[in-house]
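Good morning, and thank you for coming.

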Amino acid sequence: MQFENLHSDLIRAILLELYKTDKSTNATLPFSLSNRKLRLIALPFIYRTCRIDYATSGARLIQLWSTDSAHNLPLQYIRDLVVQHSLSESVEEGGYRPATEAESTIHWETFVSFVRQLSCLYSLTWDNTSPIPITVLEALHQRHPSSHLHIPNWSRRDRSAKFGEDAGEQILARSPCLQTISATYSLESGLGWDYTEAALSQIVALAPNLKSVRCLRQEIGGCCVCVMTDEARQFFDAESAKFTNSLVTPSVKHAVPEILWPNLKVGVLSSWSRFLDFGQTTRLDLDLVGMELLVYVASSPLPLFPHLKALSFRVPWNENVDVANALQRFVAAFNPLQELTVKSYRYHDFLDLEQCLHLHGRTLTSLTLHQEEDRHRYQVRQVLSPEQLQLIASNCVSLRHLGIDVNRNDAKLDDSVYTFLHRFPYLQSLTLYLGLFLEKQETHPVVDEEFTLRIWEAIPSTILDLLIYVGEPDRERERGWPVDWMGMERASKQLVTVQRDSDGGECKVYVQAPKKLRYSTSLDDSDL
C-alpha cells in the first residue's frame, strides 16, 4: 500500500512523530510537495512553529499574512511563535535612549494585529532585548488567555525605575500567560541604579502560573570600578525592598517549580514566603550561596523545600571554620535529592562527602562534584581519592549521570577513575573536568580525538554521552581589567563531546580545538 493511501489520521500521527524528532519543517516539507492530500495534512506541521525577526523581513511577512487573504493560511496553523528583534528599539535623539511605551506601541502595532488574528496560538517566546509592550500582553490576555508566554531575555524599559513607575511591569507580573522568564542585571556598574533584580523578584511573587525563573548577575569589567557608598547601599536596599514589601499578601500561594537565582539573599527568600508555596519547588540553583542563607535554610524547623528534587550550589570560598558546620546543616536540611551539583574552589575543605552521600546517595540519579581550578595556579587541584570514589560507588547505586574532576598529569589516578565507573550499572552520562594550569602546558597529554577515544574505550559501554571540559566552562569575568591568566584560559579552553548511538553503534566525536593550538586540520577549531 502506498503511503498516501493510508488513513489520514495515521498519516497525521506519523508526521507528528517526525515533527517531534526534527522540530522543524525539514521532515514534513517534502510531504507537502507530493500531492494535494499530503499537502493538506502536512500544512499544520509546516507552520506549527514560526520564528520571525521583526526588525528585518519578519514585519513585512506578518503584514502580508495579516492583510492579504490569498496568503493568510499560516494564521490557522501557527502554534509556537518566536519573536526576535535583531535591532535595538532605541531612539536617536541627541544620543540613544530606550523607546517609550508609546513609541513601542506604534512600532509593534502590526504584530499586535497579527497576534489577534491567530487561531490556535499555544506559546509566544519573546526573545527580545526590549520589554514586551502592554498592547502585546493585552492581545494575549484577550485573544489567547490560555497561551504560554516565555521571556528568555527580559529587560526593563528603564532599569532605574522604582516600584510602581512602570505600568508594563505590573501587567506582566500579573499575567496568567507568563510561564518562564530570565533576566540579567548588573551590580555597582557605575552606570546608575539597576533595580532589575528587585523588579524580577516582584514578578516571581505575583505571576500566578510561573514555572521557571532565572536571575543572572553580570559583572562589569573595565579599568575603573564604581562601588556604592554605605549610604547609597542603604538607600538602594530600601527601594529594592519596596518591590515586594509593598504588595498585599494573597489568600492563596502559588508555586514556582524551578528557581535559578545566584547569590540569593535571605531578605528576598523571606519576602517570597508570603507569596510562594516552596513545597512545590522541585529545582533550585543557587550558584554562590552565602553564609547567611546557609544558616537561614538550616535553621528552619521544617524543610523549607520539602519536595525539592534537584539542588545546585557553589560553596563559599571562606577560611571561616563555621562554613563547614553551616554547610553540613544546610545539606541535611533537604529531603533526599535526585540531583546534586556542588562546585567551589575548595569544596573538599568544607563538604562532608560521607554525610552528604549518607543522606542523599540512595536516591541520587545525578551527581556533580567539581573543584574549580585555582585562579592563581599556585595549588594543584584536589581530585577525588580512590576512597572517596569507592564511597560514591557504594552509596549512589542508581546514578545515571556523574560529573567529576580528572587531572591529566596523574595517569594512575585516571586509571582508577575509569575502573571505578564500571561499578555503576545504570550510568548513561559522564562529565569530566580537566585542568589547564597544573603544570606547564606541554607536559599535559593533548586533548585530541585520539586522547578522547582512549578515555571512551576505558569507560563502561552503558555510557551514551561523554562531555569533557578543558578549563572552566562557565568562569565569569570579574570586575576590573582582566588579568593575563584569564586571557590564557579563554584561549586554551576546549569542549569535547562523544555520543554513542542508542543501538550501540558507532560513536560521534567532536573536539573543539583551543584558539592557540591548531594541532589537527580535521578538528573544528571555531572560537569558544
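I begin with Gln 494, which counts as buried because its relative accessibility is 7%. Buried here means under 20% relative accessible area, exposed means over 50%, and partly exposed lies in between, with a 1.4 Å probe and protein chains only. Please note that this is a predicted model, in which local features need pLDDT of at least 70 and side-chain atom pairs count only at pLDDT 80 or more, while totals for chains, interfaces and linings use all residues. Residues are numbered from 1 along each chain as its sequence is written, and side-chain values use heavy atoms, with hydrogens and water left out.

Gln 494 belongs to strand S17, residues 494-500. Helices (H or I, at least four residues) and strands (E, at least two) are DSSP runs, numbered from the N terminus. What lies around the side chain of Gln 494? A polar atom of that side chain is 3.1 Å from the backbone oxygen of Val 447, and the backbone oxygen of Gln 512 lies 3.2 Å from a polar atom of the side chain of Gln 494.

I turn now to charged pairs. The structure holds seven salt bridges, a salt bridge being a side-chain nitrogen of Lys or Arg within 4 Å of a carboxyl oxygen of Asp or Glu. In one of them, Asp 287 pairs with Arg 314, and the closest N and O atoms are 2.9 Å apart. Asp 287 lies in strand S10 (residues 283-288) and Arg 314 in strand S11 (residues 310-314), so this pair ties together parts that are 27 residues apart in sequence. Asp 287 is partly exposed, at 26% relative accessible area, whereas Arg 314 is buried, at 14%.

Which residue also forms a salt bridge with Arg 314, with closest N and O atoms 1.9 Å apart? That residue is Glu 372. This pair links distant parts of the chain, 58 residues apart: Glu 372 is in the loop between strand S13 (366-371) and helix H16 (386-395), and Arg 314 is in strand S11. Glu 372 counts as buried because its relative accessibility is 6%.

Another pair is found within one helix. Glu 450 and Arg 454 meet through their side chains in a salt bridge, at 3.7 Å from N to O. They are four residues apart in helix H18 (residues 449-458), so about one helical turn separates them. Glu 450 counts as exposed, at 55% relative accessibility, and Arg 454 is partly exposed, with 46%.

On a 1 Å grid over the protein atoms alone, a cavity is a set of points where a 1.4 Å probe fits but cannot get out, and a pocket is an open set with protein on both sides within 12 Å along at least five of seven lines; lining residues have an atom within 4 Å of a point. The second largest pocket is lined by 22 residues, and Glu 197, Asp 237, Ser 240, Lys 265 and Val 268 lie nearest its centre. Which helix gives the most to this lining? Helix H11 does, with eight residues. As for cavities, the largest has a lining that includes Trp 154, Arg 156 and Asp 166. Helix H9 (residues 167-173) provides the largest share of that lining, three residues.

Note on methods:
A polar contact is a pair of N or O atoms within 3.5 Å; within protein, one must be able to donate a hydrogen and the other to accept it, and residues adjacent in sequence count only if both atoms are side-chain atoms.
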